[in-house]
Each structure stands twice: as structure tokens, then as C-alpha cells.
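Have a look at the model first, and then we'll go through some ring pairs one by one.

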Amino acid sequence: MNPSPVSVEASTLAVPSNPNKTGLTDAVEDVFYGSVAGVVGKYIEYPFDTVKVRLQSQAETIPLRYTGPLDCFRQSIKSDGVLSLYRGISAPLVGAAAETSSLFLFESIGRETLYRSGFCARGEKLSLPVLWLTGAFSGFFTSFVLTPIELVKCKIQVPHTEDSAASSPVRPKPLRPLPVIRDIYRHEGFRGFWHGQVGTLIRESGGCSAWFGAKETVTSLFYRLKTPANATTTERKRILSQPLPLWQQALAGASAGVSYNFLFFPADTIKSRMQTVPLGSSAEKRTFWKEGVTMWQQAGLKGLYRGCGITCLRAAPSSAFIFMVYDGLKRHFPLQ
């Protein structure tokens with residue numbers, strides 16, 4: 001494997017490598033800095049995520065409650081206030097820290113696995129196609145961490161009493177994480193926390209491949225544009241050792257967020273529909289594939305992409321901040 005100098009070095013994310021670091025040090029950085037970045041990103045995106053889940057979970061057998069994202073925002077704020085859009089954020093904050101740290105940790109493990117297997121020589125930077133592969137590796141394993149957290153989040157965001165609440169003068173109490181966790185365990189046992197796992201696995205494996213891959217690809221493109229065609233090896237190394245301007249870092253991160261969500265959004269829609277079904281109902285027993293067929297028959301491709309626009313809108317700034325925070329912490333506060 002002999003990629004061009006720019007594409008090779010761009011895979012370092014402009015964060016200088018430290019030869020004194022151990023694998024344990026890298027893992028600690030991935031977990032801690034990834035957690036911080038995830039929490040920052042979650043505060044930015046959560047109101048949009050709540051709207052997305054409410055749009056996705058609407059039943060097709062009755063008139064749609066929301067005509068679109070703006071209408072969902074308006075009705076939610078009118079009914080319960082702005083804070084209703086942050087309903088259930090405590091569990092997602094934990095989830096965001098766990099998800100983002102897991103993503104960066106497993107992506108690093110994926111790279112290390114390739115080195116140990118002899119696929120690439122240690123010290124040789126990975127090419128862009130391989131980095132798309134390590135992103136898929138990361139998403140696959142992260143999905144098992146994420147499914148229980150998203151299950152609790154979705155049930156809090158869309159309580160099954162929501163549709164009746166509109167005609168009732170008594171406003172239902174917001175659900176809390178611990179009672180939801182107890183209900184899931186009582187109805188389905190420990191295994192029930194992975195309800196919707198297939199959808200999360202498809203979304204995360206494909207989406208994280210696109211998330212890391214798109215970010216690395218755009219980063220590589222910016223470095224390529226900065227590097228003169230006749231630049232010497234020394235000049236190339238100097239250019240590649242410097243971080244990109246903030247707006248370019250933000251654009252690379254934003255492209256990652258949009259790619260992640262758009263490409264595998266139908267899997268997320270099916271997963272959200274499964275995870276917002278009331279516990280104990282017959283619909284809860286439907287598999288991922290049966291739920292997908294049902295949604296296709298009811299609403300077609302348009303139904304599977306319901307809420308995609310608002311999701312991509314919130315994913316762009318969120319992912320931009322996640323990568324900027326993570327890369328900035330790795331660059332300026334490396335653990336020795």
C-alpha cells in the first residue's frame with residue numbers, strides 16, 4: 001500500500017503523533033476527550049433529535065399529527081414549552097459520552113488491529129479507503145453500546161400517552177430514565193434492552209464508515225489544495241503538520257455528520273419506530289425486517305426518510321463541534 005503523501009498524512013487528522021505514547025494512553029485520550037466532545041455535540045443537537053424521533057414514530061394508520069419539522073417544533077413548544085424538547089436528555093448525555101468515546105476508541109482499535117495483522121506496517125499511515133473500513137469497524141461494536149441508551153431515550157422522547165395528551169386537560173408527567181429502565185426489564189428482561197439492535201447496527205456500521213471516511217476525505221482534500229504540486233518533501237511535511245483553519249475543520253466535520261445520517265437514515269427510522277412502540281404490545285414483537293416492509297407498504301421511501309432534513313440540519317454543526325473539540329483536545333492537551 002503506497003498512497004500519495006497528502007492522502008497518507010491527512011489520516012493523522014493534523015494531530016501530531018507522539019512516539020512516547022502507549023496504547024493505554026491513546027485509549028484514555030479517546031475515552032475522555034471523546035466523552036467531552038460527545039456531551040458538547042449532544043447539547044447542540046438534542047432538540048432537533050427530539051423532533052426527528054417524533055416525526056419518525058408517527059403511526060401511518062391515523063392522520064399525521066405533525067405536518068413537518070417546523071410544525072413539530074411549534075406544537076411541542078406550545079404544548080409543553082421549550083424544555084420539552086430537552087425531555088430525557090440525561091440518558092442521552094451519558095449515551096453521547098459513551099457513544100463518541102466508543103467511536104474514537106474502537107476506530108483506534110481498528111487501526112491497531114490492521115497493524116497487528118500485518119495488513120499495514122506499523123508507522124505507515126492508512127489510506128482513505130482503509131479509514132472508511134476502520135470507521136465501519138468502530139460503528140459495528142459501538143452499536144452494542146448504543147442500542148440500550150437509544151431505547152430509553154426514544155421511549156422518553158415519545159411516551160405512548162402523547163397522542164391522547166393533546167385532547168386531555170391533564171398533562172402527563174414526563175418519563176424518567178430509571179422508571180423506563182425498570183419497565184423494559186420487567187416486560188422483556190435484560191435482552192429487551194437490545195430491542196432494535198439490527199437497525200442500530202446497520203446505521204452505525206455504515207454510518208460511522210461514512211462519518212470517519214467523509215471527514216478524512218474532506219480533510220485530505222483541503223490539505224491537497226494547500227500543497228503546491230512542486231512542493232518538496234520537507235514543505236509537504238511542514239504543511240501537513242499544521243492544523244487546518246477552523247472553518248475547514250468545521251466543514252470537514254459537518255460533511256461527516258450529513259453523510260452519516262443521510263446514507264443510512266431508513267435503518268434509523270425503522271429502529272425509532274420499533275423503540276417507541278408501547279411495551280407489551282403485539283407490535284413490539286415485530287422484527288426489523290417486518291417493520292421495514294410495513295413502513296414501505298404504508299409510506300414508501302418518503303416515509304423511511306421522514307425527519308431526515310431536520311436530522312442532517314442538526315448533525316452538521318454537532319459533528320463539526322465534536323471533531324473540532326476532540327482534535328483540539330488531542331492536539332493541545334496530549335497525555336504523556
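Predicted model: local features only at pLDDT ≥ 70, side-chain atom pairs only at ≥ 80, totals over all residues.

Start with helix α5, which covers residues 128–157 and holds both Phe140 and Phe144. These two sit four residues apart, about one turn of the helix. Their rings make an aromatic pair of the edge-to-face kind, with 5.7 Å centre to centre and 70° between the planes. Anything over 60 degrees goes down as edge-to-face, so that's the label this pair gets.

Searching the whole structure turns up 20 aromatic pairs. One of them is Phe48 with Phe73, which is edge-to-face, with 5.7 Å centre to centre and 80° between the planes. Phe48 belongs to helix α2 (residues 23–56) and Phe73 to helix α3 (residues 69–80), so this pair ties together parts that are 25 residues apart in sequence.

Check how open each partner is. Phe73 has a relative accessible area of 16%, and buried means under 20%, so Phe73 counts as buried. Phe48, at 25% relative accessibility, is partly exposed.

## A group of rings

Which residues form one aromatic cluster? They are Phe104, Trp211, Phe212, Phe323 and Tyr326.

Technical notes:
Residues numbered from 1 in each chain as written. Heavy atoms only, no water. Phe/Tyr/Trp six-rings, centres within 6.5 Å; stacked < 30°, edge-to-face > 60°. Buried < 20%, exposed > 50% of the residue type's maximum accessible area, 1.4 Å probe, protein only.
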